[in-house]
Amino acid sequence: MSRCRQFLPPLLVLWIVCACLCSCQVLPQRNTSAPLSRFDDQVQLLLEKMTLDEKIGQMIQADQEHLQDINDIQTYHLGSLLSGGDSDPEAGNTLQDWTDMVDQYQQLALETRLGIPLLYGVDAVHGHSNVLGAVLFPHNIGLGCTENPELVKEIGRITALEMQATGIRWAFAPCVTVPRDDRWGRTYEGFSEEPQLVARLGAAATLGLQGDDLSDPYSVAACAKHYIADGGTTAVLEEVRGGRRNTGNNFGGEGAAGRKGYRVRLDQGNSEMSEEELRAIHLPPYISAIDAGVATIMPSYSSWNGVKCSASKRLLTEILKEELGFEGFLISDYRAINQVHPDYKTAIGICINAGMDMGMVPRQYREFYGYLKELVEEGVVPMSRIDDAVTRILRVKYAMGLFDLERCHLADRSLWESFGCDEHRQVARQAVRESLVLLKNKKQVLPLGKKATRIHVVGESADNLGDQCGGWTIRWQGQRGEVTPGGTTVLTAIRQTVGEDTEVTYQSDGAGGEGADVIVVVVGEPPYAEGNGDSADLSLSSEQEKIFERARQADVPVVVVLFSGRPLIINSLIEQADAVIAAWLPGTEGQGITDVLFGDYRPTGKLSFTWPRSAGQHPINVGNEEYDPLFEYGYGLSY
């Protein structure tokens, strides 16, 4: 077991207590629906009819892309399917393709002996982000800067509507991680480094997705993730030699972070901390999600003091189910069970006995089915654990109204009309403008005038919807370019905003700005997701720096719009630019950026993460005893 920190620093304890006291009055209203266990009488009647095979099938979630035979839905009594990050319908990626596919799978499940409906899940983490044409909202890091629970709740409601249009009723969201080290590639999936803000917004997102009652035909089941402390893993330095990585010692300080030939690894790592720190920093968002009625929770790939979260009975059963009274079910992350033990059968037994209720086993669902049955027959996994898991899964299905014979179990295609509609895009536009943080505004160069003679725009990201949306957009890792229809880039939004007499010119490499009234530079990170985004060096790439330098040579005011999934090391840019806006990963609605650029909306966003001076300061968080950032947590200018 790794050495853990036994005590929280006194200043951090005081800061957390104060934050908790200050925020307790502004939590979203608790879900007032009755507990999930109210369906236990109905569940018990169905459970008594089920064979062991049918019970085990309910505990399996396969990826539709890896179904070896479509009839396996019936043969293995599958309780759930998912589409992983790149698991699109075979026919294509349109609204109709998704709807037809999900309806086909659901129809097969309804034709089984007991007719138990499927629960289909996707990573709808900033809108229904797998489907072409869906409205894509800012990633959570931007929403954290809005500090607006009602807006986050409305985003959840719209996401649920667009999911329901495809017949999908389970979102692997909200992500309620508390990222404590910005070098982590999943930082942008978190609302904030501060647990109480995450708790408020995570509860709001849950209420938005699930509505006032899970049986509402326009709601979907939410999934709080990734339990627990995935944002608190210890950074590990890996040496790269000839394409091979040699894991080094844990490190801190500027020297190690900047050494060539090394990379940092945080994703799926080990959180080394006492239970006191775990409860103070990483548990509050799950308490709020449970209070909001969250139906499902996803344990993390990561470990706590050397024990995989997916294998920890202390975390899954004793704390989450027994202490906190969580009545929904636990779903493992994608192939996470495989990481628990080299022998797959042994790994299954460990996870199920720890309290895992459903296995996300995209490819190995047949093996999972056979091994779990053997484990029960051998007495390794008690029948009581199987019945508890299936009870929890069926509770959620009953609560969602999936067994209501008077309701259509298939997609509500009347919702196609509102999919990606202007009303939904206006909410996303509001989210963009409220999420922007004005970091610098020298001599009040902002807001820009709509009647300027010429505005010059530079940077490939200015006309690149993929850069604007980031990871988890159509593809798991995201992609550059015209990733989805219906969105508006910054360049297009500027052209739509200015008057007829204003010339808007564009050059991606940064040149050509001489004689313009102002240059708008749009630069930032390329799309990435999960561990592919882990980075020891959070500075702009040399190509992006060159774009900025060329723009400066024109000797006109320079305004920078920065796309990023976390605070970057931009000291020289801050010093030399006239104005800088942290735009995060705003999604499809670029007009929200021009609303602020041109003064139609005064910037209100406040940093939900501390902005460091150098990568060597990581991890740096509000409440640290030595706290000397470039911009403090909560910083944000206005006009």
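Predicted model: local features only at pLDDT ≥ 70, side-chain atom pairs only at ≥ 80, totals over all residues.
User: What is the strand order in the open sheet of 5 strands?

Analyst: The order is S4-S3-S2-S1-S14, and the pairing is parallel.

User: And which are the edge strands?

Analyst: Strand S4 (170-171) and strand S14 (359-360) are the edge strands, as each pairs on one side only.

User: Over how many bridges do S2 and S3 pair?

Analyst: Strand S2 (residues 80-83) and strand S3 (residues 119-122) pair in the parallel sense over 4 bridges. Within that pair, Ser-80 is opposite Leu-119 of S3.

User: What is the phi of Lys-443?

Analyst: Lys-443 has a positive phi of about 55°, although it is not a glycine. This residue also lies in the loop between S15 and S16.

User: Is Lys-443 buried or exposed, and why?

Analyst: Lys-443 counts as exposed because its relative accessibility is 77%, and the cut-off for exposed is over 50%.

User: What about phi for Gln-444?

Analyst: Gln-444, not a glycine either, has a positive phi of about 50°. Gln-444 is in the loop between S15 and S16 and is exposed, with a relative accessible area of 51%.

User: Which residues does the cis peptide bond with omega near -5° join?

Analyst: That bond runs from His-618 to Pro-619. Pro-619 is located in the segment after helix H21 (591-597).

How values were computed: Residues numbered from 1 in each chain as written. Heavy atoms only, no water. Pairing = 2+ DSSP bridges. Helix = DSSP H or I, 4+ residues; strand = E, 2+ residues; numbered from the N terminus. Buried < 20%, exposed > 50% of the residue type's maximum accessible area, 1.4 Å probe, protein only.
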